[in-house]
Amino acid sequence: MSFKEINQKLPDVTYSKFFTAKNHAKLVGPGLPITPSITRHKMDPIKLDNFLDFITSEHIVRDLPYGERKVRMSNGSVIEMPNVVHSMGASDVIHQYKLFCAENEISPLGDSTMYRIIAQCGAKVRTSLEGIDYFVAEGSRAFSTLSNILEELVQIEVLNLQQSKDATSLLLQCRQYLKTDFKARIVHLSECCEVKDHCLIYALSDPLRPEFSKRCQHNHTYVCVPCEQLKESTSSLLKTVQCAVQENAERTEKLNDLNFKGTQAIQSITNLKNHLVRCKNQDSAKSVLFDTMSEDDVLLICDWSMKYLPKRYREDQTDWFGKRGLPWHITMAFQKVNGMVESLGFVHIFDSQISQDSLTTAAIILDVIDSILKFKDSAKFHLWSDNAGCYKSTEMMSILSKNKKVLSYDFCESQNGKGPCDRTGATLKSAIRRYINQGNDVLNASSMKKGIETMMKSVKYTVSVVEFTSKKEHVKGIPAIGSYSNFSFEEGGIRVWKAHGIGEGLLIKNDQIPAINIRYITVLEEPDDITFHQLPKRNTKSDTENVVIQCTNDGCTEEFSTERELLNHQFVGKCQIEIEFNSGLNSDITKKKYYEKLSESSFLRGVLNLSAETKQMEGSENSLTLGWALKTERKSKRFNKNQKDYLTEKFDKGLKMGRKEDPFNVSESMLHVKNSDGTRRFTYDEILSVQQASNKLLFSNV
Ligand SMILES: [Zn+2]
Ligand SMILES: [Zn+2]
Ligand SMILES: [Zn+2]
Ligand SMILES: [Zn+2]
């Protein structure tokens, strides 16, 4: 191209510029077309950080994400995001965030920016594995495992496409039923229920221990159609696989794998169903307590938060390595004054690594009790926590039984039971994050305390920096303590129940309870003096625009206008669950009628190898036995070296990648991982469940 041509198109280019450019091109080659500059919207990085933190926290997300997807950001970088399942609309999330901001006196991003972020990242993203209810997570994953098995059965021509489709849609219905209606259909203890699947008394009575059982004053003559469908569709799927194993000698390995996966998945679904029954019953323990609470009664909900990783204001990614988390414990105290719920949160932060054992935990609880007694000396305490060994232990019960101010200890079955602690933990973590974003380093317990106290303006917490040296003594444990879920402290000893309200309970007499030396916590930095504050009552305004926060419990239709109202609702624990399941067969019918229906034209029977004889189905395999939902006492097997090595490899890989390995993937991968000689590394018996894998993967060394 000559100078003349150039000059016609670009009059600004002078002769000398043209030749300079030509010479330059000779030296380094022709230039590249200028890339159009990317329009970038300026976002306040701190506000962005707060918002992302919020939408990935326990405030919004309660389930594990499935898989990952890549999201391209406007600056061209690609980040991996857990896959998104929308259940809450973007506007609800944003409204909820604004309320959160208002309550915590922080300023949010602009609306359009927040909508754009949600559109890109999705609202249901969760990066941490804290507070996951494994029964629920494994149960819902089990349903996808079963649909995968159906697909594979089509591929190897055991089922045709239509059969597989029908069975899949049936499974989806069952999954939906378990997620929503099932819990609503379980009948409270005080009422009479003629369906074995829904009768709490039948489900939770120990057939061998009269003190832990109750007799139904009715017969169980009805069946629930969705419950029967669930049992039959899963068991006939398994039967289909097992028959195929015998008929397809050349595919034995593949089919054995399917059989293994199917058996595991069905076990997870059964575990989920039993768990939901126990949840419903334990939740009612909390409602009963709440309804009958006097002004002296104080409820304490306790939880160890996941260790807090120290963070600098300006920090390289590499700083993450080798950092040790700070252990911290949250206790939420509730009382009822003039019918209004009031709460007070206690935070105990340890500056050094401690063992989070029952002696340490008991010392924290005693510290909370003493703090409350200082300004309310008539207080009587009721405790509530999850089943972790540091809470449910002989040491804890012995120490509390000596403290005459504690009346009862109930253990919650579900993760939701300690919801107030989870939410407080999430709120405090995001407060600390904002504190760091203001230019502070949070590297120790003291600065963590300062961060919380500086940032939490409308609701104050009692934050102490503490120290404790645990000295494990050898004691003779209370037998079978793990199987009890309710403890009541009486004059003569501790009365225990397997399930709340079922039976007279068993009295463990004082002379059967080993004595433990009570040791107290050392407070290094005292908390401010703070007392209970009121939780706002449910907003009854008819103005529906204010009602945006939905209860996070599955199927609950209650809505609130502030975070604290939701907290109040979840504390009281009375979720409104609407029956949504609308199959043509949703009412309870007699067994006889049900089997008639089945033998007439069973959809199930057409699809899968259902036994042709109704009699056989009435037999033992699908019918529930007394006490079917009680926890089975699991003997904790020690991991062998191969299992331990594998988990350590995965854990180290997680450290290197800067993110922990997903325990679901690790559990699944154990089926296929091979030795160097091509043989399988693990037998079916050695494959660990998600829960077994997760403890090691998430917590070791950190
Ligand atoms: Zn009845
Ligand atoms: Zn019954
Ligand atoms: Zn049912
Ligand atoms: Zn609810």
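Q: In this predicted model, why is Cys224 called buried?
A: Cys224 has a relative accessible area of 0%, and a residue counts as buried when that value is under 20%, so Cys224 is buried.

Q: What makes Cys227 buried?
A: The relative accessible area of Cys227 is 1%, which again falls under 20%, and Cys227 is therefore called buried.

Q: Which protein atoms are the donors of the zinc ion (ligand 3)?
A: The donors are Tyr177 (OH), His198 (NE2), Cys224 (SG) and Cys227 (SG), which lie 1.8 to 2.3 Å from the zinc ion (ligand 3), and along the chain they follow the spacing Y-x20-H-x25-C-x2-C.

Q: Why is the arrangement around the zinc ion (ligand 3) called tetrahedral?
A: Its four donor atoms subtend angles of 105 to 114°, and four donors count as tetrahedral if all angles lie between 85 and 135 degrees, so the arrangement is tetrahedral.

Q: What makes the arrangement around the zinc ion (ligand 2) tetrahedral?
A: The protein donors here are Cys199 (SG), Cys216 (SG), His218 (NE2) and His220 (NE2), and because the four donor atoms subtend angles of 102 to 121°, within the limits of 85 and 135 degrees, this arrangement is tetrahedral.

Q: Why are helices α6 and α11 called roughly antiparallel?
A: The axes of α6 (residues 134-155) and α11 (residues 252-292) come within 8 Å and cross at roughly 150°; angles over 145 degrees count as roughly antiparallel, and therefore α6 and α11 are described in that way.

Conventions. Residues numbered from 1 in each chain as written. Chains lettered and ligands numbered in written order. Predicted model: local features only at pLDDT ≥ 70, side-chain atom pairs only at ≥ 80, totals over all residues. Heavy atoms only, no water. Donors = N, O, S within 2.8 Å, 3.2 Å for Na, K, Ca; no water. Tetrahedral: all angles 85-135°; square planar, octahedral: opposite > 155°, others 65-115°. Buried < 20%, exposed > 50% of the residue type's maximum accessible area, 1.4 Å probe, protein only. Axes fitted to C-alpha atoms, helices over the stretch in contact; angles between N-to-C directions. Helix = DSSP H or I, 4+ residues; strand = E, 2+ residues; numbered from the N terminus. Parallel < 35°, antiparallel > 145°, perpendicular 65-115°, else oblique.
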